[in-house]
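Subject: Structure for your review

Dear colleague,

Please find the sequence and the structure below. A summary of what was found in them follows.

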Amino acid sequence: MADFNKKGTVSITSPLGLAPYLEKEISELGFDINNIRDTGLEITASLNDCIRLNYLLRTAHRVHYLIDEIVVPNPDKLRNWIKSMPWEEWIHEDGYFSVTSRVDHPAIDNDQYANLVVKDAIADRIRFKKGQRPDSGSDLHQSVVFLYWTQDKARIFVDTSGESLSRRNYRSASSSAPMQETLAAGIIEATNWSPGQHFINPMTGGGTLVIEAVMKALNRAPASLRNNFGFMYIPGFDASIYQAVRDQANKQALKETNGKFIATDNDPNAIIIAQKNAQTAGVEHLIDFETCDITETTVPQGSGVVVVNPPYGIRLNENRDLRPLYKNIGDFMKTKCTGKTGYVFTGNLQLAKKIGLRPKSRTRFFNSTIECRLFEYPLYSGTKKN
Ligand SMILES: C[S@@+](CC[C@H](N)C(=O)[O-])C[C@H]1O[C@@H](n2cnc3c(N)ncnc32)[C@H](O)[C@@H]1O
């Protein structure tokens with residue numbers, strides 16, 4: 001069985017653009033960072049540490065524990081290398097596993113082929129050692145092995161997350177153009193909002209931004225609604241350690257928070273979905289929902305942020321002219337949100353100009369493959385137009 005206390009290399013992935021926020025989270029949890037890249041970072045940690053990381057990180061996608069790395073020039077060498085590893089210590093012979101990969105190698109023009117080579121080599125090894133082989137397939141709900149093979153360097157990991165950590169499990173109903181929970185968490189980190197201040201979220205859609213903000217304000221663990229992770233399927237997993245992580249996180253979560261959370265949308269269906277999602281997350285009672293046009297959103301007195309993710313005509317294939325909508329966002333912020341800081345997250349930089357306010361900052365993000373910006377507008381009285 002695997003040694004859950006042994007320190008090794010842990011690679012934590014995040015969506016493009018979120019690494020600075022992941023870095024902050026990791027440092028706050030007390031880990032030193034060995035190196036950082038566009039889509040994640042590496043630390044030294046044990047499998048027991050991975051349990052905590054999976055449970056507490058808001059901006060991470062996956063937590064990978066390195067098993068081995070070597071130079072692999074071709075698929076035959078890959079097969080032999082994988083077969084030589086003690087997979088019986090990592091995967092139960094009567095379990096289920098899947099293989100995922102990121103491959104950039106001249107000998108491989110199809111990632112699925114590399115996955116197949118790894119899958120067969122693991123199954124052969126376990127059958128040889130145990131007389132039985134685990135089932136395999138593409139589901140990520142049990143053991144997951146991740147191959148990273150670029151040029152000649154190959155690294156093989158156990159994916160201790162399984163399903164992406166973006167899956168918080170509160171989004172039961174699907175709204176149009178929802179953003180990933182990890183992206184919403186990163187956007188919140190990029191604002192100057194702090195728990196205790198108001199969080200106003202017109203154009204809330206499925207409510208991802210406002211729900212993530214409440215979860216943060218309550219110091220509630222992002223994975224508190226999950227009950228399945230890849231680490232649970234590693235032989236040697238001690239459920240009492242996982243339970244202790246949960247208990248400790250629950251103890252540190254708050255029941256109440258100051259500051260209002262306001263979520264509005266002009267689509268009544270979006271509000272129904274957002275309410276349902278908030279209910280599943282257990283935070284519905286802390287959010288004031290309203291179906292209305294952005295310009296009619298109630299804005300309470302006091303400090304806080306107004307965070308808007310308008311349609312931007314790419315993901316929703318909108319044909320309508322969105323310029324008046326963006327102008328209305330600017331007018332709404334100028335006239336009704338004085339004293340707050342306004343933020344607009346959009347993938348359409350031309351439309352953003354129609355907001356008519358001078359941004360103090362433009363933070364780059366990616367929504368899937370679409371390059372986006374989070375524009376920041378300080379809204380003091382007499383806020384200047386461009
Ligand atoms: C890109 S989606 C927001 C997605 C959201 N961030 C999420 O994660 O689900 C944009 C939302 O703006 C809403 N919307 C469009 N025009 C609006 C308007 N004039 N006033 C209020 N909401 C509007 C749409 O109904 C849609 O739900």
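Helix α5 (residues 181–190) lies across β13 (341–346), β14 and β15 (370–378), and α5 runs at about 170 degrees to β14. Here helices (H or I, at least four residues) and strands (E, at least two) are DSSP runs, numbered from the N terminus. Axes are lines fitted to C-alpha atoms, for helices over the stretch in contact, and angles run from 0 to 180 degrees between N-to-C directions.

Please note that this is a predicted model, in which local features need pLDDT of at least 70, side-chain atom pairs count only at pLDDT 80 or more, and totals for chains, interfaces and linings use all residues. Residues are numbered from 1 along each chain as its sequence is written.

The strands β13, β14 and β15 belong to an open sheet of 7 strands with mixed pairing, in the order β11-β10-β9-β12-β13-β15-β14. Two strands pair if DSSP finds at least two bridges between them. At the edges are β11 (287–291) and β14 (361–367), each of which pairs on one side only. On average, neighbouring strands of this sheet are turned by 20 degrees against each other, direction ignored. Within the sheet, β9 (residues 198–202) and β10 (residues 261–265) run parallel and are joined by 4 bridges; Pro202 stands opposite Thr264 in β10.

The domain assignment, which is automatic or taken from a database, gives domain 1 (8–159) and domain 2 (181–219 + 256–378). Their centres, taken over C-alpha atoms, are separated by 35 Å. Contact between the domains involves 10 residues of domain 1 and 8 residues of domain 2, where contact means that C-beta atoms, placed from the backbone, lie within 7 Å.

Turning to the strands β1, β4 and β8: β4 (residues 62–71) pairs in the antiparallel sense with β1 (residues 8–13) over 4 bridges, and with β8 (residues 153–159), also antiparallel, over 7 bridges. Thr13 has Arg62 of β4 as its bridge partner, while Leu66 has Phe157 of β8.

The axes of helix α3 (residues 75–83) and helix α4 (residues 111–130) come within 8 Å and cross at roughly 35 degrees. Residues of this contact include Leu78 and Ile82 of α3, and Val118 and Ile122 of α4.

Finally, 20 residues surround the ligand, the closest being Met203, Gly205, Gly206, Thr208 and Asn266; a residue counts if its C-beta atom, placed from the backbone, lies within 6 Å.

Yours sincerely

How values were computed: Two residues are in contact if their C-beta atoms, placed from the backbone, lie within 7 Å.
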